[in-house]
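Please read these notes with the model open beside you. They go from the overall fold to single residues.

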Amino acid sequence: MQELSDEAALALAKQGDQEAYGLLYLRYVSRIYNYVYYRTGNQYDAEDLTARVFFRAMKHIPNYTDRGLPLSAWLYRIAHNLVANWHRDNSRRKEVSLDEILLVRPDGDHPESVLMEVEDQEKLLDVIRALHPDRQQLLILKFVEHLSNAEVGQIMGRTEGAIKSLYHRTLLELREKYHIDLVGEIDKEVE
């Protein structure tokens, strides 16, 4: 069964073959989880939302229509919609998990340098999370999933040229916002 193409496994899964659906699940679960994790920033929510993505896909796979796009595009679209709903529902509360805070590393780095590194990462993630959802999705698909511009274009429903343009504008915006954030922090420290 492992040697089946996505198309063949999908055809079997549409007919109710649970083993074929399981094969598709195994092929895509880590990619979808990574995408969701980078959009939510929380392991537990990412696990929950990833399970929902595949539950929804399993429920609707008999109605799946091949539009010439890879199956991953459909799964990413489901994940994108669930994450958007999650952000909308959770926009009023902010939780910080103590499990995710690691102040001392096993490699012996000084806690102060670790804290500064964590703060820099948090600033960058804050800037990324302030971007338009399309730009966040682009960054995740390019840098986390390591997809090509053509693959990102298929998933996002845009041409490869449009993805290149969006990528360029996104990097410019990131540079500007991150620089302004850093300059603002330096100004606060000087005062």
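1. Along the sequence, the protein follows the pattern α-α-α-α-α-α-α-α. There are eight helices and zero strands. Both are DSSP runs numbered from the N terminus: helices are H or I with at least four residues, strands are E with at least two.

2. The model is predicted, so local features need pLDDT of at least 70 and side-chain atom pairs count only at pLDDT 80 or more, while totals for chains, interfaces and linings use all residues. Residues are numbered from 1 along each chain as its sequence is written, and side-chain values use heavy atoms, with hydrogens and water left out.

3. Of the 191 residues, 31% count as buried. Buried means under 20% relative accessible area, exposed means over 50%, and partly exposed is in between (1.4 Å probe, protein chains only). Among contacts between residues at least 6 apart in sequence, 59% join residues at least 24 apart; a contact means heavy atoms within 4.5 Å.

4. How do the axes of helix H2 and helix H3 cross? Helix H2 covers residues 18–40 and helix H3 residues 43–60; their axes come within 8 Å and cross at roughly 140°. Axes are lines fitted to C-alpha atoms, for helices over the stretch in contact, and angles run from 0 to 180 degrees between N-to-C directions.

5. By class, the contact of H2 with H3 has 15 nonpolar, four polar and one charged residues. Ala, Val, Leu, Ile, Met, Phe, Trp, Tyr, Cys and Pro count as nonpolar, Asp, Glu, Lys and Arg as charged, and the others, Gly among them, as polar.

6. The structure holds six aromatic pairs. Rings of Phe, Tyr and Trp (its six-membered ring) pair if their centres lie within 6.5 Å; planes under 30 degrees apart count as stacked, over 60 as edge-to-face and the rest as tilted. One of the pairs is Tyr 25 with Phe 54, edge-to-face, at 4.8 Å centre to centre and 75° between the planes. This pair links distant parts of the chain, with Tyr 25 in helix H2 and Phe 54 in helix H3, 29 residues apart. Tyr 25 is partly exposed at 35% relative accessibility, whereas Phe 54 is buried at 5%.

7. Why is the pair of Tyr 33 and Tyr 37 called stacked? The ring centres of Tyr 33 and Tyr 37 are 6.1 Å apart and the planes are at 20°, so the pair is stacked. Tyr 33 and Tyr 37 are four residues apart in helix H2, which means about one helical turn between them. Tyr 33 is partly exposed at 23%, and Tyr 37 is partly exposed at 28%. Ring pairs link Tyr 33, Tyr 37 and Tyr 38 into a cluster.

8. Is Thr 40 buried or exposed? Thr 40, in helix H2, is buried, with a relative accessible area of 10%. Leaving aside neighbours within four places in sequence, Thr 40 is in contact with Ala 46, Leu 49, Trp 86 and Arg 129.

9. Gln 154 lies in helix H7 (residues 149–156) and is partly exposed at 33% relative accessibility. Not counting residues up to four places away in sequence, Gln 154 touches Leu 69, Pro 70 and Ala 73.
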